[in-house]
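Please load the model in a viewer and keep the selection panel at hand.

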Amino acid sequence: MSLLATAFVALLSSFGHCYFMCGGFGILINSLSKRLKFPFLALFLYHLFRILLYIFLAFIFYSFSYLLFVSDFSKGIVFFVLGLFMILLSLSLLFRFKLLHILENSYIFDKILLFMKNKVRLDSYFGLCFLGALNGLLPCGLVYFYLALALSQSTLYQALLVMSIFGLCTLFSMMIFAKLSFLFSELFIKSSSYIAYLIILSYGLYLAYTGLALSR
C-alpha cells in the first residue's frame, strides 16, 4: 500500500471508527486540558505522546518480526498470516463480528487507568503525556491493522513512517472533527468508514496472495 493510500485510509476511518471509539476519551482530554494554563500545549503533548507510542510499537514489533524474515519462505508465511489477519479484521469492522469485541476489549486498559488515577495527577501536563501514551495502548482494530501494515514494510524506516502517518491523520478526528461533526451527515460518516474497511480487506487479500506466492 502506498503512503498516499495509507493516509487516505487513516483519514477516512477517522471520520467514523476513531471518532466514535475514542470520542469519550477525547471529551475527557479536552476537559482536563482546559484546567491548565496552556490548553493547546496540553493537547499537543497528549497527541505527541499518543503518536510516539504508535511509533514505538512499530519499532518493537518490526524489530521482532525482522528475525523471522530469514528467507522468502518465512517472509511469505508472515505476509500470509498478516494478510489473513487484515481480512478477518476488515470483516469484523464491516459486520461487527465478535472478533472485534475481543480485540478491542479494554479491560486491561481500564485497570491501568484506574490504578494510575490515584498516582498521577491527570489534570497536569505530565498527566496528559501519560494519558496520550495510554491511549496509544487502547485496544483498537485500526491500530492493529496499521501495526500489521507496518510489519509488511521492507524497511524499519517505512514501518515507522506508516505509524507516523496513521497517528497524524487521526489528529483530524481527535482535534478537529469533534468540533465540526455537525457539518457531516451520518451517511457520509458511515460511508467513509466502509470505504476504509473495504480498502483494508483488499490489501489483506493482496498481502495474503503475495505471502502464498513467496512461500511456494
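The stops below go from the whole chain to its core, then to its aromatic residues, and lastly to its surface.

**The whole chain**

Begin with a cartoon view of the entire chain, bearing in mind that this is a predicted model. The chain holds ten helices and zero strands, so that, under the assignment used here, the elements read α-α-α-α-α-α-α-α-α-α from the N terminus on. Of the 216 residues, 48% count as buried. Switch to a surface view: the chain exposes about 11600 Å², and carbon and sulfur atoms supply 74% of that area. If contacts between residues at least 6 apart in sequence are drawn, 83% of them join residues at least 24 apart.

**Helix 7**

Select residues 141-151, which make up helix 7. How many of its eleven residues are buried? Ten of the eleven are, and the helix is mostly covered. The buried residues are Gly141, Leu142, Val143, Phe145, Tyr146, Leu147, Ala148, Leu149, Ala150 and Leu151.

**The largest nonpolar core**

Next, select Met86, Phe145, Tyr146, Met163, Phe166 and Ile200. Within the largest nonpolar core, which has 36 residues, these six touch the most other members. Colouring by helix shows where this core comes from: helix 1 (3-33), helix 2, helix 3 (72-95), helix 7, helix 8 (156-169) and helix 10 (186-215) each supply at least two residues. Which helix gives the most to this core? Helix 7 does, with nine residues.

Now centre the view on Phe166 and show its surroundings. Leaving out residues up to four places away in sequence, Phe166 touches Ala10, Tyr54, Leu142, Val143 and Tyr146. There is also a second, separate core of twelve residues. To find it, select Leu32, Phe130, Leu131 and Leu134, which are among its members.

**The aromatic cluster**

Select Tyr54, Phe145, Tyr146 and Phe166 and display their side chains; these residues form one aromatic cluster.

Turn the view to Tyr146 and Phe166. This pair is stacked, with 4.5 Å between the centres and 25° between the planes. Tyr146 lies in helix 7 and Phe166 in helix 8, so the pair ties together parts that are 20 residues apart in sequence. Phe166 has a relative accessibility of 1% and therefore counts as buried.

**The nonpolar surface patch**

Leu48 belongs to helix 2 (residues 39-66) and is partly exposed, with a relative accessible area of 32%. Phe49 is also found in helix 2; its relative accessibility is 33%, so Phe49 counts as partly exposed.

Keep Phe49 selected and show its contacts. Apart from neighbours within four places in sequence, Phe49 is in contact with Cys129, Gly132 and Ala133. Is Asn135 buried or exposed? Asn135 is buried, because its relative accessibility is 2%, and the limit for buried is under 20%. The C-alpha atoms of Phe49 and Asn135 are 8.9 Å apart, although the two residues are 86 apart in sequence.

The last stop is Tyr125, in helix 6 (residues 125-136). Tyr125 counts as partly exposed, at 27% relative accessibility. Its contacts, not counting residues up to four places away in sequence, are Leu36, Lys37, Phe38, Leu41, Ala42 and Leu45. From C-alpha to C-alpha, Tyr125 and Phe44 are 9.9 Å apart in space and 81 residues apart in sequence.

Conventions:
Residues are numbered from 1 along each chain as its sequence is written. This is a predicted model: local features need pLDDT of at least 70, side-chain atom pairs count only at pLDDT 80 or more; totals for chains, interfaces and linings use all residues. Side-chain values use heavy atoms; hydrogens and water are left out. Buried means under 20% relative accessible area, exposed over 50%, partly exposed in between (1.4 Å probe, protein chains only). Helices (H or I, at least four residues) and strands (E, at least two) are DSSP runs, numbered from the N terminus. A nonpolar core is a set of buried Ala, Val, Leu, Ile, Met, Phe, Trp, Tyr and Cys residues joined through side-chain atoms within 4.5 Å. Contact means heavy atoms within 4.5 Å. Rings of Phe, Tyr and Trp (its six-membered ring) pair if their centres lie within 6.5 Å; planes under 30 degrees apart count as stacked, over 60 as edge-to-face and the rest as tilted. Accessible areas come from the Shrake-Rupley method with a 1.4 Å probe; for residues, only the protein chains shown count as cover.
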